[in-house]
Amino acid sequence: MTSRRGKGKLGPRVHFCEVRDPCLKHALKDETLSSAAALLTSLKLELAYFSGHAWLKRRGAGVILRFERIRPRQAGRFQPRLSNEITPGFLDRAIRALKRWKYDIVSIDEVCRRAVTLASRRRFVCLTFDGMYKDLVASAYPVLSRHRVPFTVYLPTAFPDGIGEAWWLALEQVIAKERRISLMMGRSEMHFNLSTVAEKHQLFDFLSGWMRSLEPADLSAAIKDLCTRYAVDLVALSREASLDWRDLAALAADPRATIGGATVNFPVLSNMKDAAALREMTMGKAVMEAALRRDAKHFAYPFGERKTWQRKHMAMVEEAGFVSAVSTIPGVIEPAGHTPLLAMPRITWDGKLRSLRAMRVVLAGAGSV
């Protein structure tokens with residue numbers, strides 16, 4: 001990698017990078033390790049199923065499953081968020097399997113009840129969706145409705161309002177269509193040359209990680225700058241992908257559906273000042289309750305990983321008026337009050353795994369994805 005000063009004494013640094021150069025070597029290493037770890041996890045889950053180890057080590061009373069996007073499989077080699085997607089066909093197979101395995105498919109209200117009482121003889125699964133995507137109505141709801149099972153959707157309200165910024169989709173679109181990317185990162189202008197699909201995946205991981213480290217205003221400025229440079233309509237892209245209030249009203253009319261909160265703009269709470277984080281929670285709850293005319297009692301921490309929220313945010317969730325909150329930290333729900341209702345774990349299903357045997361091991365609490 002080389003760099004040079006721009007014109008003027010205070011001009012920005014300009015960096016020209018091949019993606020494999022040192023500035024991204026750690027991202028490449030992480031991507032390789034991630035792929036290897038995913039394969040190893042898949043093999044371990046299959047082995048646990050056939051060995052019977054999962055049934056001997058069964059833990060907890062049940063599991064909250066998290067899905068993000070449900071739609072038919074898409075064409076194209078560059079799909080950096082494939083692990084966040086499942087097909088309607090897989091959702092249908094999974095629900096059929098849960099019924100065959102004698103799991104109770106329960107609402108998030110029932111999860112809260114079982115988390116504070118003694119364990120039932122039957123294990124439970126709660127189906128949750130982190131839900132700004134219109135695909136939820138088009139592809140997931142017909143399956144859920146046909147099976148007549150309860151489910152929960154966690155909603156960031158800026159998206160049905162038409163003002164949410166799906167920056168991850170815009171980043172994917174820019175990288176997909178370009179062979180050279182330039183953007184400002186702090187005071188430096190960075191240039192990335194992309195000649196292979198692998199390099200595109202690598203850059204997506206690197207830039208999405210960087211963007212998630214920014215404060216909300218800086219993140220918004222960064223993605224708008226990138227979209228302006230490469231003629232991506234961030235507003236149109238976000239609106240086209242997102243549920244609107246009519247979609248949500250139709251979902252809310254189903255007594256098996258629970259609509260929970262996930263702030264207004266889906267920010268990383270750890271990047272925000274406390275007052276701003278609390279405002280995101282309370283305003284999201286107020287907007288949703290006014291629009292849908294029903295109480296919002298349950299909350300999902302945006303992104304939900306360990307670094308994206310802190311213990312203090314549990315107190316904010318309670319102050320905002322929610323009775324439960326879910327993360328994306330993997331784990332099972334322990335009965336008799338051993339799992340805090342304001343920090344409940346969820347298992348995010350990896351869309352690259354299509355094995356129901358692997359899912360059965362995960363649901364037993366003997367493995368994770």
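Biologist: Which residues of α6 are buried?

Modeller: The model is a predicted one. In α6, 8 of the 11 residues are buried, so the helix is largely enclosed by the rest of the structure. The buried residues are W167, W168, L169, A170, L171, E172, V174 and I175.

Biologist: What covers the buried residues of α6?

Modeller: The cover includes both strands and helices. Among the strands are β4 and β9 (180-185). Among the helices are α7 (197-212), α8 and α9 (234-241).

Biologist: Is α6 roughly parallel or roughly antiparallel to α8?

Modeller: Two packed helices are described by the angle between their axes and the distance between the axes. Helix α6 covers residues 167-177 and helix α8 covers residues 216-229, and their axes lie 10 Å apart at an angle of about 30 degrees. Angles under 35 degrees count as roughly parallel. Therefore α6 and α8 are roughly parallel.

Biologist: Is the crossing of α6 and α8 left-handed or right-handed, and which residues of α8 meet α6?

Modeller: The crossing of α6 past α8 is left-handed. On the α6 side, the contact is made by W167, A170, L171 and V174. The residues they meet in α8 are L219, I223, L226 and C227.

Biologist: How many residues of the contact of α6 with α8 are nonpolar?

Modeller: The contact of α6 with α8 has no polar residues and no charged ones. The number of nonpolar residues is 8.

Biologist: How many salt bridges does a search of the whole structure find, and which residues are linked with R66 in a network?

Modeller: Side chains of opposite charge can pair when their charged atoms come close. The search of the whole structure finds 23 salt bridges. One of the pairs is R66 with E68, at 3.1 Å from N to O. The network links R66 with E68, R81, D130 and R346.

Biologist: Are R66 and E68 buried or exposed?

Modeller: The cut-off for buried is under 20% relative accessible area. R66 has 7% relative accessibility, and E68 has a relative accessible area of 14%. Therefore R66 is buried, and E68 is buried.

Biologist: Which residue forms a salt bridge with E85, and where is that residue?

Modeller: The salt bridge of E85 spans 2.8 Å from N to O. E85 is in strand β5 (residues 85-86), and its partner is 14 residues apart from it in the chain.

Biologist: Which helices does the salt bridge of D92 with R146 tie together?

Modeller: The closest N and O atoms of D92 and R146 are 3.3 Å apart. D92 counts as buried at 13% relative accessibility, whereas R146 is exposed with a relative accessible area of 51%. The two residues are 54 residues apart in sequence, so the pair ties together helix α3 (residues 88-100), which holds D92, and helix α5 (residues 135-147), which holds R146.

Biologist: Where is S270, and which residues does S270 touch?

Modeller: S270 is in the loop between β11 (257-261) and α11 (274-292). S270 is partly exposed, with a relative accessible area of 21%. Q310 is 40 residues apart from S270 along the chain, yet their C-alpha atoms are separated by 6.7 Å. Leaving out residues up to four places away in sequence, S270 touches K307, T308, W309, Q310 and H313.

Technical notes: Residues are numbered from 1 along each chain as its sequence is written. This is a predicted model: local features need pLDDT of at least 70, side-chain atom pairs count only at pLDDT 80 or more; totals for chains, interfaces and linings use all residues. Side-chain values use heavy atoms; hydrogens and water are left out. Axes are lines fitted to C-alpha atoms, for helices over the stretch in contact, and angles run from 0 to 180 degrees between N-to-C directions. Helices (H or I, at least four residues) and strands (E, at least two) are DSSP runs, numbered from the N terminus. Angles under 35 degrees count as roughly parallel, over 145 as roughly antiparallel, 65 to 115 as roughly perpendicular and the rest as oblique. A crossing is left-handed if the near helix is turned anticlockwise from the far one by less than a right angle, and right-handed if clockwise. Contact means heavy atoms within 4.5 Å. Ala, Val, Leu, Ile, Met, Phe, Trp, Tyr, Cys and Pro count as nonpolar, Asp, Glu, Lys and Arg as charged, and the others, Gly among them, as polar. A salt bridge is a side-chain nitrogen of Lys or Arg within 4 Å of a carboxyl oxygen of Asp or Glu. Buried means under 20% relative accessible area, exposed over 50%, partly exposed in between (1.4 Å probe, protein chains only).
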